[in-house]
There are 2 protein chains.
Amino acid sequence: MKVVRTIVELPELGGEVGLVPTMGALHAGHRALLDRARAENDAIVMSLFVNAAQFDDPADFAAYPRDEAADLRMAEEAGVDVVFAPSAHELFPPDFETWVEPGVAARGGEGDARPGHFRGVATVCLKLFQIVRPARAYFGQKDAQQVAVVRRMVRDLNVPVAIRVVPTVRDPDGLALSSRNVRLAPDERERALALPRALASARDAADPVAAARAALNGLEPEYVEVRDLGDATVLAAAVRVGAIRLIDNVLLEGAIG
Amino acid sequence: MKVVRTIVELPELGGEVGLVPTMGALHAGHRALLDRARAENDAIVMSLFVNAAQFDDPADFAAYPRDEAADLRMAEEAGVDVVFAPSAHELFPPDFETWVEPGVAARGGEGDARPGHFRGVATVCLKLFQIVRPARAYFGQKDAQQVAVVRRMVRDLNVPVAIRVVPTVRDPDGLALSSRNVRLAPDERERALALPRALASARDAADPVAAARAALNGLEPEYVEVRDLGDATVLAAAVRVGAIRLIDNVLLEGAIG
């Protein structure tokens with residue numbers, strides 16, 4: 001496995017390349033993305049870049065967990081060919097000034113909660129697609145609105161890449177895996193379980209949004225909404241537990257893929 | 001020569017492809033772009049698309065000259081392999097919503113005179129680069145700020161294409177060729193010559209902007225400015241002659257290429 005820090009060092013990979021964009025702090029959810037990419041492509045590139053441009057909150061950016069040694073071990077185990085781990089300067093030099101501005105897909109939900117977040121996501125994803133030129137790129141269902149924004153961007157700007165979505169991986173207690181979960185205290189983690197439980201219980205309700213809101217067991221949602229991913233619709237919600245913001249979603253219609 | 005109207009019909013072209021994006025109404029300036037592309041690439045694609053998204057003025061869009069039969073003749077003579085002439089709906093379907101937003105390069109000059117113009121230019125160019133995947137794309141020096149915006153976009157978003165600039169082609173009287181020139185009445189055309197003359201006379205002045213303003217022979221400039229193209233700086237100006245807006249520029253430093 002090759003680890004490269006700059007664009008010019010990236011090797012030419014033969015055949016079809018699968019790209020798994022990550023911000024590091026890898027967990028079993030990322031592993032599922034890597035395994036799917038490994039199965040469907042001739043070579044895989046994993047990017048590892050904590051993208052400041054998509055953090056609306058500098059404190060969240062500073063606190064985002066980083067453990068590159070562990071990330072590289074998981075990437076190696078998963079059969080990654082190249083890890084692309086650029087500096088902030090490599091992707092966003094000081095005079096960077098051209099942004100990808102998403103539209104309706106970026107409104108509501110995470111877009112309203114985190115101003116500028118999806119501009120940062122869309123821009124860094126477009127850049128990675130240009131740099132790596134993958135046939136397929138892999139995203140987790142958990143970041144459902146990110147999937148919607150990236151798919152719209154790819155369609156609107158005619159980017160030659162297929163966006164694949166991999167179902168959310170959960171701990172045995174039902175909590176969706178997230179790099180931010182390590183920051184939950186034990187009692188916070190217990191309270192956080194109301195989020196996946198409320199979403200699961202609301203899936204088949206006549207009004208899933210109202211049903212999920214009613215089942216959150218005292219957690220105050222930032223939003224609960226139905227989101228279209230192109231090939232599926234999901235019931236998505238965000239809650240704050242202590243200092244940690246958590247998001248989750250469940251499939252309502254269609255299929256994740 | 002193949003003429004295609006939809007993205008899916010575009011043939012796979014072997015080797016390195018040169019792209020010449022045009023809005024039709026081809027003149028000898030476009031021919032210079034096509035000739036350069038022909039000399040440097042294995043195959044050339046010419047796009048022919050009057051991009052409503054880059055017209056701030058609907059009347060200008062409606063009046064923009066269109067003569068596809070003549071354009072196709074010139075393309076054939078120039079050895080174009082594929083003309084890509086999509087409908088507006090093919091590139092900008094009604095629910096299109098993801099835009100490329102340029103920054104500083106789009107300010108001043110044409111950017112201030114034509115709000116939204118460079119957003120439209122940057123977006124359609126990125127789309128064409130994704131669709132055609134050229135090794136090189138060809139632009140005229142005359143649209144100097146367009147060159148600056150497209151080069152910044154390509155650099156910022158890591159688009160794998162080289163931007164080539166071809167020197168402005170002029171009529172024997174010095175007027176830069178433009179598709180809009182056909183709309184000038186004879187007396188307007190005579191007055192318009194003050195623009196290239198003022199720019200040429202100001203090139204070597206200590207203050208080229210002031211010198212050009214002073215030499216415009218009564219034409220009122222929208223702007224006169226020095227613009228950085230990355231590898232060259234130019235002295236650029238815009239004037240209105242009757243109903244027609246004309247732009248022009250001359251090299252100050254560096255080399256056009």
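Analyst: B:A37 counts as buried because 26 C-beta neighbours lie inside 10 Å of B:A37, and the cut-off for a buried residue is 20 or more. The model is predicted, and every value here is computed from that model. B:A37 is part of helix α1 of chain B, which covers residues 28-40. Leaving aside residues up to four places away in sequence, B:A37 touches B:G18, B:V20, B:I44 and B:Y138.

How does chain B relate to chain A? A rotation of 180° with 0.0 Å of shift along its axis places chain A on chain B, with an RMSD of 0.0 Å. This is the relation of a two-fold axis. Within chain A, the C-alpha nearest the axis belongs to A:V100, at 2.3 Å from it. Both copies use the same surface, as 100% of the contact residues of chain A recur in chain B.

That surface can be described from the side of chain A. In total, 23 residues of chain A are in contact with 23 residues of chain B. Three elements of chain A give two or more residues each to this side: β5 (99-101), α6 (117-132) and α7 (144-156). The most comes from α6(A), with five residues. Sorted by class, the side of chain A that touches chain B has 14 nonpolar, four polar and five charged residues.

The two chains also pair strand to strand. β5(A) and strand β5 of chain B, residues 99-101, pair in the antiparallel sense over three bridges. In general, strands of a sheet pair through backbone hydrogen bonds, either parallel or antiparallel.

Parallel pairing is found in a sheet of chain A. This is an open sheet of six strands, in the order β1-β4-β3-β2-β6-β7, and its pairing is parallel. Its edge strands are β1 (2-4) and β7 (162-166) of chain A, each of which pairs on one side only. On average, neighbouring strands of this sheet are turned by 25° against each other, direction ignored. Two of the strands can be followed in detail: β2 (residues 17-22) and β6 (residues 136-140) of chain A run parallel and are joined by two bridges. There, the bridge partner of A:L19 in β6(A) is A:A137.

Chain A has 10 helices and 10 strands. Its radius of gyration is 18 Å, close to the 18 Å that the globule rule gives for 257 residues, so chain A is as compact as a globular protein of that length. Along the principal axes, the C-alpha atoms of chain A fill a box of roughly 50 × 40 × 40 Å. Of the 257 residues in chain A, 44% are buried. Among the contacts in chain A with a separation of 6 or more, 68% are between residues 24 or more positions apart.

Note on methods
Residues are numbered from 1 along each chain as its sequence is written. Chains are lettered from A and ligands numbered from 1 in the order in which they are written. This is a predicted model: local features need pLDDT of at least 70, side-chain atom pairs count only at pLDDT 80 or more; totals for chains, interfaces and linings use all residues. Two residues are in contact if their C-beta atoms, placed from the backbone, lie within 7 Å. Helices (H or I, at least four residues) and strands (E, at least two) are DSSP runs, numbered from the N terminus. Ala, Val, Leu, Ile, Met, Phe, Trp, Tyr, Cys and Pro count as nonpolar, Asp, Glu, Lys and Arg as charged, and the others, Gly among them, as polar. Two strands pair if DSSP finds at least two bridges between them. The radius of gyration is taken over C-alpha atoms; the globule rule is 2.2 Å times the number of residues to the power 0.38. A residue is buried if 20 or more other C-beta atoms lie within 10 Å of its own, exposed if 12 or fewer, and partly exposed in between; C-beta atoms are placed from the backbone. Copies are superposed by least squares on the C-alpha atoms of residues with pLDDT of at least 70 in both. Axes are lines fitted to C-alpha atoms, for helices over the stretch in contact, and angles run from 0 to 180 degrees between N-to-C directions.
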